[in-house]
Each structure stands twice: as C-alpha cells, then as structure tokens.
Protein chains: 2
Amino acid sequence: MTPRSFVNGRAGDAIDARDRGLLYGDGLFETVLFVDGAAPLWLRHRARLESDAARLALPLPDVDAVFATAREACRGIARAAVRITLTRGVGERGYAPPAAPEPVWVVTATPAPTVPPDWYVHGIRVRCCGLRLATQPRLAGIKHLNRLEHVLARAEWNDPAVAEGLLGDAHGNAIGATAANLFVVRDGRLLTPALDECGVAGVTRADLLEGRDVGVVRLTWDEVMRADEVFLTSSLRGILPVNRIDDRAFAPGPVARALQAHWRERGLMEPAHG
Amino acid sequence: MTPRSFVNGRAGDAIDARDRGLLYGDGLFETVLFVDGAAPLWLRHRARLESDAARLALPLPDVDAVFATAREACRGIARAAVRITLTRGVGERGYAPPAAPEPVWVVTATPAPTVPPDWYVHGIRVRCCGLRLATQPRLAGIKHLNRLEHVLARAEWNDPAVAEGLLGDAHGNAIGATAANLFVVRDGRLLTPALDECGVAGVTRADLLEGRDVGVVRLTWDEVMRADEVFLTSSLRGILPVNRIDDRAFAPGPVARALQAHWRERGLMEPAHG
C-alpha cells in the first residue's frame, strides 16, 4: 500500500516529542488539493509557504522534494487533501529558536472531504461565531500552527446543517470563516476583508485577488449582512455560496456562479450535480 | 538508564504526526521544578492544569499517574525541569474537536537550567520586546501550546548579557516576560499585571498572590519604569530581581530579598552564593 504519511520525505507517522511544532506551535502548514496527482494551485501554496516561512524565520526544506513527496503520498487517491506541516524541529528547552534549526516537514494525504453537491448549487448555511480573533500583525495572514482560536470557534456548534462559522475581530469587522475566506458583493463590487491584523490568507483568496478588481477592505458585520452576495473560498472546497448567516437569507448570485464555473474549468471543483 | 521521556505513561519519545497538539497547538503544558524528587509547587501546577484544561474543554488524564510518571522521569536528577504536555490527541481532519477525544500526555525531564548565582544577588538585565501580545480573553492566562508570540519575542535578541525580555500588550501595558511573570513595588505596594487579556499566569505568581496584599492591575510601562523594585518570577528560576530595563537602572530591593529568602526555605531556589 502507498504510504500516506511521510516525515522529512521518509515513510513514517511519528515525530519527536521534543519537536517545537508540538512544544510551541512553532511552524506552519499548507493544505493542498491534489486532483489525479496534480495540484492546480501548487505555485500559490509554494509562494505562501516561502513567504510565511520567511516571516517566521523558518528555514525552508527543499520545496521540490516536498512536492514530490506530496505526489507520492496521494498516489491512487483521485481527490486528495495533502497536509504539509513545517516545523522548526527539535531544539533546546525554551522559546529561543535554535541557532541552526533543522526543520522538520510532515506530509500526510487523505481523501479530500466530500462536499454535498447541493452546497454548490443552493449555497450553505453559516453562523457567526462568538469568539473574536485577536489582533496580531506579526502573525496575521500566516497559516501557522497556533490555531487554538479556530479550534475554539469550531467547537461553538455541532449542528451538521451549519456548514461554517464566520469569524470577526474585536472591532466589529468580519474576517473570514474557521476554514475559509470570505467574499461579498456590494453594489456590483467584489470585496474581501483585509488580513493584516488577523486571519489566514488562503491560496484561493490569493488566486481571486490576482487580476481582478477586488476591494481588500475593513468590512463590518453590517456591510456583510447587507451584501448582495456572500461566498466562501477554500482550497479543498472551492467557491461556496452562502444562503444564510444566522437568520439572514442570501441567494447565490452571478459573481459566485461565474467563479464556480471558472474553478470547475481548472479542475478545482467537481462538476455540479444540481 | 532511567527513561527521560514518556508518552501516556510509557517510555517513549515519539508522538503521532496527526496529533492535534502538533496540527493546531491544541493543548497545554506545565513546566515543573523537581528538587530531589519532590515538586514543592505541584499542587499549584495541578490546579492550573485542571483549570486550563477546563477552559479548553480538554479531557484530563489521570493526574496522579502524570505525577508518578514525572517523578519517575526525573529520578537521579537533583534539580529537574519536567515538562508535561497535554494534547487533545489524534482526530479527524479539521478544526472540530473530536466528539470523544483521547488525550495524549508527554512527560520529559531535563536538568533544570542553571542560574548564575550573581543573578539572584545583583539582579538581571532585561529588555523591552518590540512584539506586542495580542488581546484574547478566551486564551489569556492559559499555558497553552500556541506560543509563537513568545518564540518571536525571544528571537528579538541573542546577547547573553540580556537575561529576559519584557512583553506588553498593544495598549501600552506591561504584561510579563517571555518565560516569567512581572512584579513591581511602588509606594510600598506590590503590584503585578492583570492577565485577563493576554499573558501566562505562572504558578509562582499564583503562589505569591495567595495570602499577600498584591495589586493585580493594569500596569503601564511608565509605572514600571518609575517603580522602586522590579522582579521576575518563574517556577524554574524562582525570584529574580531586575537591575536594568534597557537604559533604566534598578537596585534589588527588600521585597524581592524577603521573597527570595522564603523561596529558599521552601527548597525552590538554591542557596545564595553571593
């Protein structure tokens, strides 16, 4: 059987209990969609990995080797979610980063989560989470391993009819969802929250921002609630229209539809069944 | 040789690469000083472990078994630093906590860091870190595994003459140090920062707060700089007077001296060599 888990490129599913990824969350990760062995957004994942690692002063491993391992891990899985975790490795006791860290990288592949086709057609129901994301410009946007806020937010509901939870900051701005980015259409304009104070800058979001007129703005909850369209984006699930935020109803609109069509053409979403 | 690392009570130094402690920093830790096999502050560590776990809805393992393992791990080490890490264990992909998590706990023992005796006598030099701790009441005070802020702050200097870095919040308040809590004496009154918005509530701090008249307050940098005494507290290092914050000089004072004497009586600090 094809190994599904690799540590530093070798088949394995154990890491050193003294790894700083465990001790301090000292590292970052990527979740990459592989379709029939190809990762259409790989270059964006790679760019984020490089940029996030630079911000944390994490040495990068050989990223080509990481990609080769990811392909190996998902062999035989038609649609795979490949998680790549990069840590600062084992160090001396204490927060001080080692002078010469030996980074550790873990690659694991699982079948990508199946999305009910209906979600793409009629949209998803979401809720507003009570937890407020903390403002930390030094970590904002980075897909790092310090994700307790997201864990606590995701623990706020277990109604399977609620597909996602929206997250905001302490100042009344919407930021995103627990595992997706947020876009709205208002007065014909596509908008998404600025992520310079908190939040995770997803690769699907990055893809949508390039070459399109998208406003990257502070977006209040009131502005979200009065939007003409609301949709979420994620590497694994693509473009998901929102049909309800708590008690407010929305209809999937033409902007989300056009982006979905584009996403399907690129092989990033399964064909609609609706 | 006595094993120094245990996972779930069994000798071992590897954890599952899918452990949520690594994936999301979904867990917490304690660093316990053992002196000749005894941990004078164990009950406080235990109380914090229980309280922090409750706040994160982490199931507790058998805490007596954890303690027995910690004692086993430090056998033969006169002064040991025992780290106890507790995670939510392995779960399905995604932030949602497992419905029935199987917690994982790791115990590792190392010799406690040696503190130059001069530090206790003449005090230590510290600096103010540029990083500002984010405000997050849901996580404030907890010794959780999301410690990237502390890693980044500790990476700000590598001058061995600087023993610690002070950390504040975004509102101009002092909070603590990268691996210690902060106390000041002003107008004869002992004060320490409130930790309801950020920071880690140390067990030595908890011990000092009990039965003493200590003001738990918002403390501005200006108030710290004009204090009569400044000292730091930590489980492993005890009571450390501060003799300099950046360019401002302080002298170790009578309050820190009295607490040091008390700490030595309880076996929590080595006898002074000065």
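1. Which residues of helix α3 of chain A are buried? In this predicted model, they are Val66(A), Thr69(A), Ala70(A) and Ala73(A). The helix itself spans residues 63–73.

2. Why do these residues line one face of the helix? Viewed down the axis of α3(A), the buried residues fall within an arc of 105 degrees, so they share one face.

3. Now look at Val82(A). The largest nonpolar core has 160 residues, and Val82(A) and Val82(B) touch the most other members. Neighbours within four places in sequence aside, Val82(A) contacts Val32(A), Phe34(A), Ala70(A), Ala73(A), Cys74(A), Val107(A) and Ala109(A). Two of these, Ala70(A) and Ala73(A), are also buried residues of α3.

4. On domains: the assignment for chain A gives domain 1 (5–111) and domain 2 (117–265). Their C-alpha centres lie 25 Å apart. Across the boundary, 17 residues of domain 1 of chain A are in contact with ten residues of domain 2 of chain A.

5. What supplies the domain 1 side of this contact in chain A? β4 and α2 (42–55) each give at least two residues. β4(A) gives the most, with seven residues. By type, the residues on the domain 1 side are seven nonpolar, five polar and five charged.

Key. Residues numbered from 1 in each chain as written. Chains lettered and ligands numbered in written order. Predicted model: local features only at pLDDT ≥ 70, side-chain atom pairs only at ≥ 80, totals over all residues. Buried ≥ 20, exposed ≤ 12 C-beta atoms within 10 Å, placed from the backbone. Helix = DSSP H or I, 4+ residues; strand = E, 2+ residues; numbered from the N terminus. Arc of directions from axis to C-beta. Domains from an automatic or database assignment. Contact = placed C-beta atoms within 7 Å. Nonpolar A, V, L, I, M, F, W, Y, C, P; charged D, E, K, R; others polar. Core = buried A, V, L, I, M, F, W, Y, C linked by C-beta atoms within 7 Å.
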